[in-house]
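The exercises that follow ask you to look at one protein chain and to work out how its parts meet. Please keep the sequence and the 3D structure in view while you read each solution.

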Amino acid sequence: MAENTPDDGKRPSYYVTTPIYYVNAAPHLGTAYSTILADVQARFRRAMGYDVMFLTGLDEHGEKVAASAAEHDMTPQQWCDSQVPAFDDLWKTLEITNDDFIRTTEPRQTASVQHLWEVLKERGYIYKGSYDGWYCVPEETYFTETQVAHSDEANHTEGAHLCPDCGRPLERVQEESWFFKLSEFQKPLLDLYRDHPEFVEPEIRRNEVVSFVEGGLKDLSISRTSFDWGIPLPFDERHVTYVWFDALINYLTAVGYGDDSPEAAATLARRWPAQTHIVGKDIIRFHCVIWPAMLMAAGLPVPERVFVHGFLMVRNEETGAGEKMSKSRGNAIAPAEVIDMLGVEGYRYYFMTDVEPGTDGAVSFSRMEQVYNTDLANSWGNLVSRTLNMSAKFFEGKTPVLPEGWTTAASPLRDAADGLLDRYAADMADFAYGKAAEEVMALVHAANHHIEDTEPWALAKDPVRADELACVIGDLLESIRICAHLLEPFTPETSAEVLRRISCEGEIGSTDLATACEWGAIPQDVPVTKGDALFPRLGTPGK
Ligand code: MSP
């Protein structure tokens, strides 16, 4: 893998992306899921000192988009522009911290795609031919006669020509087309998966990709002439770029590809290859087969990792089974419904910690309520509220002054915090967000138990035990401070609020998690603010 050169000699670059979403559909629970997964990783990496570049955006070309525009009596560009605010608004609401937002209709994308065409032509990886086969417009995917025949057999619909992926009718395409020599990349791709197993994670997806590539690769049709809503080929203007070819290149465009200024060249050298592309399991062939082959053909390094997440399913409360979410089934959940119920922070926490990203996860309102109440209201929120109340009550609205030696004194909470960051960081880097949150919750639970065990209210009645009381409250505040840092990627605003309440606002946005999590940094004799409940309890669980 290419070297990840730090710009200032210290901070390594971490470039993370989401898929760019189709403008045609409003953002939904699934697209928000991909985006929050990336946001949590970006926040975690920033806290670990990386120089993060987090990219998301929109996929705006293709036949489907042109058709929707026509239905709405708009030009394709007007239609795309009209769709942008819905994404912008939701990402802002969900506290998404992307550094750039790319749209494939921007001039920088045209320049970059056209540059890649030239490079591929020069390097001999494309040729002009004619395409005769099937095309699924909703899925923007080509299929061969054999693939279609199999799907028709399976559906008992001989002659109907249905999409093997989505089952909808296919379009017959017979036209002149430029082809990409994908067939030449079988061996280099198999070598890549073998030498860099981390290129596709989790393993189950890697196996899927390997067996697909082992089955043989055909050259790919990458231009169309029957419509014009796309990026024209620089050397054959009647052709527009196949929408997936166009879309994948966005990851390069955003870091300067196709721009010949020295600044862009420096950005590209620093940011490419990307550290992680986050994608759903439905689009792995594009990202794990076509994309690395395109990059190899262009003489560019491939990304370090494609992390593939599963699909969100809706849990059927009667059968307990997960069902595909869809408007026609009437079981689709809108992000706004979840935000109304859990708030933004509860939303992020639930999806990031209760849905194992490597597999399909069944979600339900009752489970949302349960996770929110158990972890956020009853454990974390309750710990903060009790601790701040006691600190304020026993120490005149302040944090205690701690006896000499407190930092190194034996304490069950200090023990519980010991090694926590290492375990948490390993899980976070692996997208095991649920496990990482569990590690933090273990400290939260230990702190809540410590309150029961030490009974600070009893200690407060005995002046002889004043030091003991200060130590208990100090331990609790210190645990809260550390948990606030570790929970920041999931619940950023709450973490900032907790740090403000204990006069640690200077630590908000820390980019040195190791130092921030060192035991003993709680400031002494500074104001504490009790404030409102961070996570008011929701109605009866399971209702
Ligand atoms: N435009 C392409 C991506 C091009 S990237 C170069 C595309 N767009 S999309 O809008 O259809 O969706 C993108 C992402 O949303 C994918 O990662 C997909 O897996 C995810 N999801 C869509 N529905 C989903 C669920 N029900 N659950 C989880 N994620 C799902 O594909």
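This is a predicted model: local features need pLDDT of at least 70, side-chain atom pairs count only at pLDDT 80 or more; totals for chains, interfaces and linings use all residues.

Residues are numbered from 1 along each chain as its sequence is written, and side-chain values use heavy atoms, with hydrogens and water left out.

**Exercise 1.** Describe the side of domain 1 that touches domain 2.

*Solution.* Begin with the bounds: domain 1 covers 13-310 and domain 2 covers 365-516, as given by an automatic or database domain assignment. The contact (heavy atoms within 4.5 Å) takes 15 residues from domain 1 and 16 residues from domain 2.

Next, turn to the elements, where helices (H or I, at least four residues) and strands (E, at least two) are DSSP runs numbered from the N terminus. On the side of domain 1 that touches domain 2, α1 (29-47) and β12 (276-280) each supply at least two residues, and the largest share, 8 residues, comes from α1.

Then sort that side by class, which gives 7 nonpolar, 3 polar and 5 charged residues; here Ala, Val, Leu, Ile, Met, Phe, Trp, Tyr, Cys and Pro count as nonpolar, Asp, Glu, Lys and Arg as charged, and the others, Gly among them, as polar.

Finally, consider the buried area, the accessible area (1.4 Å probe) that two parts lose on being put together, summed over both. Between domain 1 and domain 2 it is about 1300 Å², with 66% given by carbon and sulfur atoms. In domain 1, V40, R43 and F44 lose the most area to domain 2, together 38% of what that side buries.

**Exercise 2.** Which side chains meet in a salt bridge at 2.9 Å, N to O?

*Solution.* A salt bridge is a side-chain nitrogen of Lys or Arg within 4 Å of a carboxyl oxygen of Asp or Glu, and by this rule the count comes to 36. Across the interface of domain 1 and domain 2 the rule finds 1. The side chains that meet at 2.9 Å are those of E488 and R43.

Now place the two residues: E488 lies in the loop between α18 (466-487) and α19 (492-501), whereas R43 is in helix α1, so that the pair, 445 residues apart, links distant parts of the chain. E488 counts as partly exposed at 22% relative accessibility, while R43 is buried with a relative accessible area of 11%, because buried means under 20%, exposed over 50% and partly exposed in between (1.4 Å probe, protein chains only).

**Exercise 3.** Where in the chain do R194 and D191 lie, and where do E201 and R305 lie?

*Solution.* R194 and D191, whose side chains meet in a salt bridge (3.4 Å, N to O), both lie in helix α6 (residues 186-195), 3 residues apart, about one turn of the helix. R194 counts as exposed, at 55% relative accessibility.

For the second pair, E201 forms a salt bridge with R305, the closest N and O atoms being 3.1 Å apart. E201 is in strand β7 (residues 200-201) and R305 in the loop between α11 (284-298) and β13 (306-309), 104 residues apart. R305 is buried, with a relative accessible area of 10%.
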